[in-house]
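Look at the sequence and structure first, then read the points below.

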Amino acid sequence: MVAQGFTVDLNKPLVFQVGHLGEAYEEWVHQPIVSREGPRFFESDFWEFLTLTVWWAVPVIWLPVVCWLVSLSVRMGHTPSENATMVVSGVFIWTLVEYTMHRFLFHIKTSSYWGNTIHYLLHGCHHKHPMDGLRLVFPPAATAVLCVPFWNLIKLFATPSTAPALFGGGLLGYVMYDCTHYYLHHGQPSLGVPKDLKKYHMNHHFRLQTMGFGITSSLWDRVFGTLPPPKVVAKSR
């Protein structure tokens, strides 16, 4: 039963509180607290530790796996140009996965206790505390779990020799995504594409949270009509 007028206590672990917000969760989670100091999630130190990930853990852990996967396709007889094509294809497929997950899973509307709780763990915490540097990238254990269904999906439409390099490309796309995402929040680009990407992503957080679902690229936002419109500045008379 959701308490009427429930208020989250930011000084206590948050994960098992947010579910009590019920329908008010959607509004609460999209009112960001811009602080580099992240909240505590769990009372347990063990579970709390599992939610914290430094950004450089992503390339350190997953780039060797990418190299190993590509090497499997090499050993099965594919030429360098064939492997390069498969890796690039995997990266391209990842950009669609990135957009789809962000739009339809990470921004799903919830109001039940467990729906709110799971959404907060998946993505709501990032919108509530967008500058929390230790919860900007996906924990490696969670990534490993998600790799299993994606690997099985790729095996359905790829041959045994092409699947490893294709999956390696998708995993490389994920590494690029998570590192780019961290940089967009904590870097200070001043020119060109990085500056435009940061502006585009900050628009998603602080202006139009129902648009701008790409991270590494605005391609799919353009394709599916979710590109944020330019901010209109009123002219003085």
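In this predicted model, two helices, α4 (80-105) and α9 (219-224), each give at least two residues to the lining of the second largest cavity. Helix α4 supplies the largest share, three residues. Rolling a probe the size of a water molecule over the atoms shows where empty space is left.

**Second largest cavity**
- This cavity holds about 40 Å³ of space.
- Its lining consists of T95, E98, Y99, G214, T216, S217, L219 and W220.
- Sorted by class, that lining has four polar, three nonpolar and one charged residues.

**Largest cavity**
- The structure has two cavities of 30 Å³ or more.
- The largest cavity contains about 60 Å³ of space.
- Lining it are P39, F41, Y120, C125, H126, H129, P130, D132, R135 and L136.
- Six of these lining residues are nonpolar, two are polar and two are charged.

**Helix α7**
- How far apart are the end C-alpha atoms of helix α7 (residues 163-186)? They are 35 Å apart.
- Helix α7 has 24 residues, and at 1.5 Å a residue it should span 34 Å, so the distance between its ends agrees with that expectation.
- Helix α7 is mostly covered, with 18 of its 24 residues buried.

How values were computed. Residues numbered from 1 in each chain as written. Predicted model: local features only at pLDDT ≥ 70, side-chain atom pairs only at ≥ 80, totals over all residues. Heavy atoms only, no water. Helix = DSSP H or I, 4+ residues; strand = E, 2+ residues; numbered from the N terminus. Expected span 1.5 Å × (residues − 1). Buried < 20%, exposed > 50% of the residue type's maximum accessible area, 1.4 Å probe, protein only. 1 Å grid on protein atoms, 1.4 Å probe; cavity = no way out; pocket = protein on both sides within 12 Å on 5 of 7 lines; lining within 4 Å. Points joined across faces, edges and corners; volume = space filled by probe spheres on them. Nonpolar A, V, L, I, M, F, W, Y, C, P; charged D, E, K, R; others polar.
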